[in-house]
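My notes follow the display.

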Amino acid sequence: MRTDGIAAALAHVERLDGLARADSLAGRLDPRAKLATTLAFLVTVASYGRYQVTALLPLALFPVAILTLGDVPLAPILIRVALVSPLAILVGIFNPILDPSPIGSLGPFVITAGWASFASILVRFALSVSAALLLVATTGLDAVCAALSRFRVPRVLVVQLLFLYRYLFVLFGEVSRTLRAYALRSPSHPVPRVREAGALLGQVLLRTLSRAQRVHAAMLCRGFDGELRLRRPLRARSADVAFVVTWFAFFALSRAFDLPRLLGNAVAGAVR
Amino acid sequence: MHMSDALVSPAVAGSLWAVTAGVAAMSARALQRDPDDRRVPLMGVLGAFVFAAQMVNFSIPATGSSGHLGGGLLLSALLGPPAAFLVMASVLTVQALFFADGGLLALGCNIFNLGFLTCFVAYPLIFVPLSGRAPSRMRLAGATVAGAVVGLQLGSLGVVLETVLSGRTDLSFSSFLLLMQPIHLVIGVVEGSVTAALVLFMRESRPDLVSIGATPSPKPGPPVRRVAAAVLLAAAVAGGALSRIASAKPDGLEWSLAHARASAQTGPSAGPAGEPSERRDTPAGLLFARLAPGWAATAERPGNVGPEAPERASSSFSGILGAGLTVAMIALLGSGLRALRRLSRPAPLQ
């Protein structure tokens, strides 16, 4: 049945949302601290040179720490990381062919610049994808939005994000039911064709628009005045400050020094 | 296709974040000038609709290809460009956060490629003039397909430019372009057909909602020319400032690797395709080397030669040993902490 994709997507969002509501060490941190640290992490990852692979690895400590402190199960994060973005593959896969110049060797194997830059893209991908997912899994979209509005993101956009998220579940359900109804009535071709798109999506859109009118009426009944008030008060504690300072220092340290190489040199020297 | 965090450099990501933030602020101001409290729930629910509708694939008979709705054009026709842009921004943000489509750093690029270029360029400059006043069915469908194709071609051009400027690929600008544009031409036609079918259906069933052809600009918003000028200015300022920061501190290991490669061969200019000296010869390389010397330098870093480079290249064994140890330590730390927390957690009440 063609509704599988939507059902799976919905289950994934519900799962992340449920994780965010659970109580955990990482969950109790101020969302602003987590958002700022995640952004700093992503900038740090992106700032590495294009052939650097091993120097990036110490940064994996951040997602692993959040995963542990947030009691997040590994599977949903790993699944998303495994679904590597087609663009990253498309862009990276040509590097080993286009740039076969050697940059190092490991015994009989020659490491080429192309493979190094491709590996670097994949490591960056794994690090940045897991960090973004863990931010949501330990914070939840409501709290991220509260942090965004404190960071002076335009009000309209924050309210829009909250609304979109609230109705995502409803609309996913609506589209999913419509597709099931279609598939049951046309067993010979369960995938709808382009010329049916108008009627199929149009029906959902018409229901969506009348739903928006009902939502608006309900909001007016509850005293809506054009302003949406966020319920969660944000208070930064010393733990939040320590969290931000420690991670920023760690990112700077691993960016400034190639920690795995220093470690390798030390161990190799000791063995010799 | 979504731009990915793994492919952007901080300078490119930062520039497009700045541009996107500027357009979002202008759009938000445009909506505030014309307060309509019905629009708040409408925008939210339509965002969720576009999100869900984009997961439905429609097949094109006898071609084997399929595609989904292009959200930007439909939203622009229903809400006007400023509100449509904000809805697209929210859809892309949720996709980045929950589905890791693109990523947070590349979000600025994605909102620009898929939101700005559709709502503020393809819709007012292609769709509105082509559909004209009171268009026939064919004309409306043609304008929608043309708008979707142009929007997607621009978006894919954006992806190519952003990736090449970030210096993450060895593909030259022209071959990357040849790889991307034809795919997106096909995707654009399919997206445009799905969107056209929906726009035609909506015009017949609820003509009051789709204000196509009724007035040149359905909802008041910032004039296109002013937005375009502001975007260009913001891009130039942000790009200039950020490339200065990026080029002020060249990356140590990277230049040593580049030098190691050069010394491993006969000379720096004798390298195969993808060697820095050759990449500068691509049209984009030449253009941007002239426009923003700092930017080109971050991608290519020419002329950096270090004395200890050959030693670096030969010591990859200790580098890989260190990498293995690092990963093992982090994994051990993670699983150890996990086990510790499981032990210290109170037993569940029976």
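I started with A:E174, which is buried at a relative accessible area of 6% (buried is under 20%, exposed over 50%, partly exposed in between, with a 1.4 Å probe and protein chains only). The model is predicted: local features need pLDDT of at least 70, side-chain atom pairs count only at pLDDT 80 or more, and totals for chains, interfaces and linings use all residues. Residues are numbered from 1 along each chain as written, chains are lettered from A and ligands numbered from 1 in written order, and side-chain values use heavy atoms, without hydrogens and water.

I then checked the partners of A:E174. A:R177 forms a salt bridge with A:E174 at 3.6 Å between the closest N and O atoms (a Lys or Arg side-chain nitrogen within 4 Å of an Asp or Glu carboxyl oxygen). A:R177 is partly exposed, at 48%. A:E174 also meets A:R207 in a salt bridge, 3.6 Å from N to O. This pair ties together parts 33 residues apart in sequence, because A:E174 lies in helix α10 and A:R207 in helix α11 of chain A (helices are DSSP runs of H or I, at least four residues; strands are runs of E, at least two; both are numbered from the N terminus). A:R207 is partly exposed, at 37%.

B:R39 is buried at 11%, while B:D34 is partly exposed at 25%.

Last, I looked between the chains. The rule finds one salt bridge across the interface of chain A and chain B. A:R50 and B:D170 meet in a salt bridge at 2.8 Å, N to O.
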